[in-house]
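This report describes a predicted model.

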Amino acid sequence: MDHFLYRNGQLHAEDVAVAEIVAAVGTPVYIYSAATLLRHYRLLDEALAGLPHLVCFAVKALSNVAVLRLLGDAGAGMDVVSGGEYARARAAGVAGEKVVFSGVAKTAEEMRLALTGGIRQFNVESEPELEALSAVAVALGREAPVALRVNPDVDAHTHAKISTGRRGDKFGIPIARAPAVAARAAALPGIRMVGVDVHIGSQLTSLAPFEAAYTRVAALVGELRAQGHAIDRVDLGGGLGIPYARANAVPPLPSDYGAMVRRSVGHLGCEIQIEPGRLIAGNAGILAARIVYVKAGEDRDFLILDTGMNDLVRPAMYDAHHDIVPVHQPPAGEPTKPFDVVGPVCETGDTFARGRELPLMVAGDLVAFRSTGAYGAVMGSEYNSRPLAPEVLVHGDQFAVIRARPGYDEMIARDRIPDWMHEDRTAAGGADC
Ligand SMILES: *Cc1c(COP(=O)(O)O)cnc(C)c1O
């Protein structure tokens, strides 16, 4: 359930008409619902009620500091995968003790940032990373809390580009090697083993792969404890899918996920961490855009929008489906026809949908892409020098711009002409005279 519904023939974000936001901010624009974000966070928090647990929002799904502040104030921890995300979480006011550092390529600089600023745990993905973290921690005179991220060799049955737990994926330590790596960790100075971590992929629509992975993790915890390691925490990663299309397979409910967590790892007496991104943010956002032209095609007509793959790359990158709806609700019984919905970018890949049934819309009409709160704005770029789409957060009948649209000057001001080109220009000019 989300808070983007038609009222009086107008798409609303909570109590604010999308058209009103567009009138103030322009298009394209990402619009998030605070109530939906909080609802999804609380559903997951409640799903683990009774177990000691922390829900860490995967910052990479939607990293705007205002969103992180909203979730952090509600009690969420944060899962970060870079120094930049760590800085965002801290700028949002989240305590370092609630920030988990994941990612395969943490640099010494990123480790130092987190160790001096405060960190809950590092999810370590390899032996070289473990050695590097030990060296950084010793140099700082600190102890780094570590969970070993294991690769359980489970097929998540999701898109190949977002599957992370199969043998051969770049993530984690092969689970069979984990006891040896744990022994190494215990012997290293500056390292304190606190737990085991797993994350098998994103947009999973079945519980079975999770359960297979978590069961392997539970067995590993037993093995590590038998070796004398104190394992107090298991981090189960993120990955719960959301319904992108009304007709699609219905992903598991958070409550069913919670029951499965109890079943598979509840008996360990560990603190449970999860790292959901998409489930919290996905259906909490839309991307509103305007139709620039309707162009007659050979087979079908094109709806050409003022937003493209630079703002929303998921269809081009993962063949992802997003529902596209008119902002002004068409009257019941209004005819529809299939359109190809495309962006302005100079690539054929800049196609959002082919043959999508939509009402007979005209240039100037507004449309909204649903379920774009996660992996939408964060994956945006300025390709074709189209400034990043702004972000708006709605709270009841209020809305606020939480990231402004940069002007062309701002966008260009990041570029610098090297001094030697200035000199060249002067020299060339001099020669011309
Ligand atoms: C991407 C990622 C997540 C979040 O995945 P979702 O599918 O958005 O829930 C969690 N943990 C790690 C380590 C990740 O890389």
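## Cysteines

Cysteine 270 counts as buried, because its relative accessibility is 3%, under the 20% cut-off. Cysteine 346, with a relative accessible area of 68%, is exposed.

The structure holds 0 disulfides. Cysteine 270 takes part in none, and the nearest cysteine sulfur, belonging to cysteine 56, lies 15 Å away. A disulfide requires the two sulfur atoms to be within 2.5 Å.

## Nonpolar cores

In this predicted model, the largest nonpolar core comprises 102 residues. Leu37, Leu71, Met78, Phe122, Tyr214 and Tyr257 are those with the most contacts inside this core. Helix α8 supplies the largest share of the core, 8 residues. At least three residues come from each of domain 1 (4–13 + 283–413) and domain 2 (34–280).

Tyrosine 214 is one of the residues with the most contacts in the core. Leaving aside residues up to four places away in sequence, tyrosine 214 touches Val198, Leu236, Tyr257, Met260, Val261, Ser264 and Val265.

## Helix α7

Which residues of helix α7 are buried? In this helix, residues 178–187, they are Ala178, Pro179, Val181, Ala182 and Ala185. Seen down the axis of α7, these buried residues fall within an arc of 160°, so they line one face of the helix.

Methods: Residues numbered from 1 in each chain as written. Predicted model: local features only at pLDDT ≥ 70, side-chain atom pairs only at ≥ 80, totals over all residues. Heavy atoms only, no water. Buried < 20%, exposed > 50% of the residue type's maximum accessible area, 1.4 Å probe, protein only. Helix = DSSP H or I, 4+ residues; strand = E, 2+ residues; numbered from the N terminus. Arc of directions from axis to C-beta. Core = buried A, V, L, I, M, F, W, Y, C linked by side-chain atoms within 4.5 Å. Domains from an automatic or database assignment. Contact = heavy atoms within 4.5 Å.
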